[in-house]
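I opened the model to look up helix packing, a covalent link, a pocket and some backbone angles. My entries follow in the order I made them.

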Amino acid sequence: VRVPVCRIDVVTARHVVDACERVGLIVGHGAATPVTDVKVALFADLALLRTDRAPAALAIDTSERRFQVGQRAFHVGFPQGRPGEAYSRLIGRETLVATGRYELEEPVLAWAELGRTGGLRGSLAGISGGPALAANGQVIGVTVAESARRGRIYTAAPSSIMRLLRVEQVEATGTPAPRLTADNYGQQSDDLRRELAVAQVVCVAADMQ
């Protein structure tokens with residue numbers, strides 16, 4: 001999953017694309033448009049993708065210090081490879097420790113899951129890279145991990161997203177999604193996917209045109 005933040009640059013989780021030789025974005029009926037360049041962050045589980053297809057862009061709320069414990073977030077994406085979404089409440093900031101190819105301690109926001117749309121059971125695997133949206137429709141994080149046993153969802157903080165954009169000299173532009181509530185976020189999420197404001201990231205064959 002990825003979150004468009006400007007005309008041709010989109011953000012996803014680094015681990016979504018790390019194993020791909022080439023990357024594409026699903027744009028409808030299984031068709032993919034190629035990503036022309038991938039820039040990975042060394043300080044967070046984030047990556048910046050460049051594509052010739054200009055998707056709808058979402059506004060980012062960078063006022064991280066004003067976030068309040070208990071505020072809601074709506075996580076949109078493709079869990080288990082299918083459209084789906086969950087919502088949560090903020091419980092605080094934590095440090096996510098990564099090992100392996102990228103060894104780092106990344107500041108993240110921790111959310112307690114409150115609910116999901118109908119039919120979504122089990123792991124949220126596959127929702128990584130999708131946006132966490134505030135009730136006002138602005139992006140307040142990128143989903144990077146879950147702890148199913150604890151009912152936790154973790155997102156890269158807006159400060160990490162903005163740091164990646166500064167490093168790559170990208171200016172974030174976009175407009176908020178419509179207001180989200182616990183009653184309407186399923187339909188609003190479907191609209192965001194239909195508009196390609198949230199789209200599925202895939203590894204593609206080397207001969208893709």
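**Entry: packing of α3.** I looked up what the buried side of α3 touches. The buried residues of α3 pack against β6 (72-77), β7 (84-98), β8 and β9 (131-133). I took packing as contact, meaning heavy atoms within 4.5 Å. Helices (H or I, at least four residues) and strands (E, at least two) are DSSP runs, numbered from the N terminus. The model is predicted: local features need pLDDT of at least 70, side-chain atom pairs count only at pLDDT 80 or more, and totals for chains, interfaces and linings use all residues. Residues are numbered from 1 along each chain as its sequence is written, and side-chain values use heavy atoms, with hydrogens and water left out.

Which residues of α3 are buried? I noted Y185, G186, Q188, S189, L192 and R193. Seen down the axis of α3, these buried residues fall within an arc of 165 degrees, so they line one face of the helix. The arc is that of the directions from the helix axis to the C-beta atoms. Buried means under 20% relative accessible area, exposed over 50%, and partly exposed in between (1.4 Å probe, protein chains only).

**Entry: Q188.** I picked Q188, which lies in helix α3. Q188 counts as buried because its relative accessibility is 15%. Setting aside neighbours within four places in sequence, I found Q188 in contact with P178, R179 and L180. I also checked Q188 against E168, 20 residues apart along the chain. Their C-alpha atoms are separated by 30 Å.

**Entry: α2.** I turned to α2 next. Its buried residues are P158, S160, I161, L164 and L165. They cover an arc of only 165 degrees around the axis, which puts them on the same side of α2. What sits on the face turned away from the buried side of α2? I found the exposed residues R166 and V167 there. The buried residues of α2 pack against β2 (9-12), β5 (47-51), β8 (104-116), β10 (139-147) and β11 (152-156).

I then looked at S160, placed in helix α2 (residues 158-167). At 7% relative accessibility, S160 is buried. Leaving aside neighbours within four places in sequence, S160 is in contact with F43, A44, L46 and P107.

**Entry: V10.** V10 and A197 are 187 residues apart along the chain, and their C-alpha atoms are separated by 9.6 Å.

**Entry: disulfide.** How many disulfides does the structure hold? I found one. A disulfide is a pair of cysteine sulfur atoms within 2.5 Å. This one joins C20 to C203, with S to S at 1.8 Å. The link of C20 and C203 is left-handed, with -65 degrees about the S-S bond. C20 lies in the loop between α1 (14-17) and β3 (23-28) and C203 in strand β12 (residues 201-203), so the pair ties together parts that are 183 residues apart in sequence. I noted C20 as buried, at a relative accessible area of 15%.

**Entry: largest pocket.** I asked for the largest pocket and its lining. On a 1 Å grid over the protein atoms alone, a pocket is an open set of points where a 1.4 Å probe fits, with protein on both sides within 12 Å along at least five of seven lines; lining residues have an atom within 4 Å of a point. About 150 Å³ of space lies in this pocket. Its lining includes F78, P83, D190 and R194. β3 and α3 (185-194) each supply at least two lining residues. I counted the lining by class: seven nonpolar, two polar and three charged. Ala, Val, Leu, Ile, Met, Phe, Trp, Tyr, Cys and Pro count as nonpolar, Asp, Glu, Lys and Arg as charged, and the others, Gly among them, as polar.

**Entry: positive phi.** Where does the backbone take a positive phi just after α2? I found it at Q169, at about 55 degrees. Q169 is not a glycine. Q169 is in the loop between α2 and α3 and is exposed, with a relative accessible area of 75%. L196 follows α3, and its phi is positive, near 65 degrees. Q80, also a residue other than glycine, has phi near 60 degrees. I placed Q80 in the loop between β6 and β7. At 33% relative accessibility, Q80 is partly exposed.

Terms used:
Grid points are joined across faces, edges and corners, and a volume is the space filled by probe spheres set on the points.
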